[in-house]
Structures are given as structure tokens and as C-alpha cells.
Amino acid sequence: MMTTTLDRYRISSRRRDRKAAEANFRFDLHGLRTAAVFAVVGHSLWGQPVGGFVGIDIFLVLSGYLVTAALLRGGKHSKTMAVGHFLWGRVLRILPAATVVLLLTYAASLLVFSPGRTDQIGIDALLAAVFTANFHFAA
């Protein structure tokens, strides 16, 4: 029996949907979050869509829902919400990328700015690395 491209697509689509259901991955909510991000970026760059800043609220509400759902799912199996385990997973996912961004920002500042400004950016990067930059900026 010969399989067509359409048959292969249907099989892979079913497999993808089954894996998403097993992982409780919500394509619809992630799609809405993506649309919210595009609304914010479009509003920031071109002023369209009007009211695009509302996308921030939409993004944060959906993110809160997804995080809460993930915590409750984790607690379903162990009878306790493993907040520490959840947060440690987030640290392992976000910290490497944040470190790369801070290092590349500082390296770019060495090439672009004067030594005095580069020193200030280095201090800002160090404070950002230990999550205290907002206190410094507010002072």
C-alpha cells in the first residue's frame, strides 16, 4: 500500500496532537500568547494595533494560568505542589540564556561605547546577574 504525502501529514499531525495532549500542552493558549506579543511589538514599533499594549495583560494572564496549571499538574502525582522543583526548572531554563545576553551586551558595549560608559554597563550587567538591578536603577 502506498502512502501519500497527505497520509503522512495526517499521521504526524495525530502523533503531534497525542504528544501535546499527554504533555498537556495548550496550542491555543500559546498561540494567544504569541498574538499578544506581536500586538505589543507592533504597537511599540508602528503604533498599530491601537491598544496593543493590552497584549502585555493578555500575555501575563495566560502565563499565570499556564504556570498555575503546571504547578497543579505536578502536585497531582506527589500530593504536594513542588514549587521549589518548578522554580529550579525555570532557573535551569532561563539562567543560561540570560547569562549569554548579559555577556554579549557587555562585549558589545566594549566595542561601541567609551570606557566610562562601558564600566557602568558592566556594573549594570553584574547587578542584573544577581537580580538586583532594579534597586540600583531606582536609586
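Predicted model: local features only at pLDDT ≥ 70, side-chain atom pairs only at ≥ 80, totals over all residues.
Reader: Which residues lie nearest the centre of the second largest pocket?
Author: About 360 Å³ of space lies in this pocket. Its lining has 15 residues. Nearest the centre are H30, L66, V67, A70 and R90.

Reader: How much space lies in the largest pocket, and which residues lie nearest its centre?
Author: The volume is about 420 Å³. The lining of the largest pocket counts 17 residues. Those nearest its centre are L95, A98, L102, A128 and F131.

Reader: Which helix gives the largest share of the lining of the largest pocket?
Author: Two helices, α4 and α5 (115-129), each supply at least two residues there. Eleven residues make up the largest share. They come from α4.

Reader: How does the lining of the largest pocket divide into nonpolar, polar and charged residues?
Author: Charged residues come to one. Polar residues come to two. The nonpolar residues number 14.

Reader: What span does helix α4 reach from its first C-alpha to its last?
Author: Helix α4 covers residues 83-112, which is 30 residues. At 1.5 Å a residue, 44 Å is expected. The span in the model is close to that, at 42 Å.

Reader: Where in α4 does a kink lie?
Author: Look shortly before the proline P96. The kink there is about 30°. It lies at I94.

Reader: Is F131 buried or exposed?
Author: F131 sits in the loop between α5 and α6 (133-138). Its phi is positive, about 60°, although F131 is not a glycine. F131 is also among the residues nearest the centre of the largest pocket. The cut-off for exposed is over 50% relative accessible area. Because its relative accessibility is 64%, F131 counts as exposed.

Reader: Which residues does a cis peptide bond join?
Author: The place to look is the loop between α2 and α3, where P49 lies. Omega of the bond is about 0°. The joined residues are Q48 and P49.

Reader: What share of the residues of the chain counts as buried?
Author: Along the principal axes, the C-alpha atoms fill a box of roughly 70 × 45 × 35 Å. Buried means under 20% relative accessible area. Of the 139 residues, the share that counts as buried is 17%.

Reader: What distance separates the C-alpha atoms of S44 and V101?
Author: S44 is found in helix α2. With 56% relative accessibility, S44 counts as exposed. S44 and V101 are 57 residues apart along the chain. Their C-alpha atoms are separated by 22 Å.

Terms used
Residues numbered from 1 in each chain as written. Heavy atoms only, no water. Helix = DSSP H or I, 4+ residues; strand = E, 2+ residues; numbered from the N terminus. Expected span 1.5 Å × (residues − 1). Bend = angle between axes of the 7 residues up to and from the residue. 1 Å grid on protein atoms, 1.4 Å probe; cavity = no way out; pocket = protein on both sides within 12 Å on 5 of 7 lines; lining within 4 Å. Points joined across faces, edges and corners; volume = space filled by probe spheres on them. Nonpolar A, V, L, I, M, F, W, Y, C, P; charged D, E, K, R; others polar. Buried < 20%, exposed > 50% of the residue type's maximum accessible area, 1.4 Å probe, protein only.
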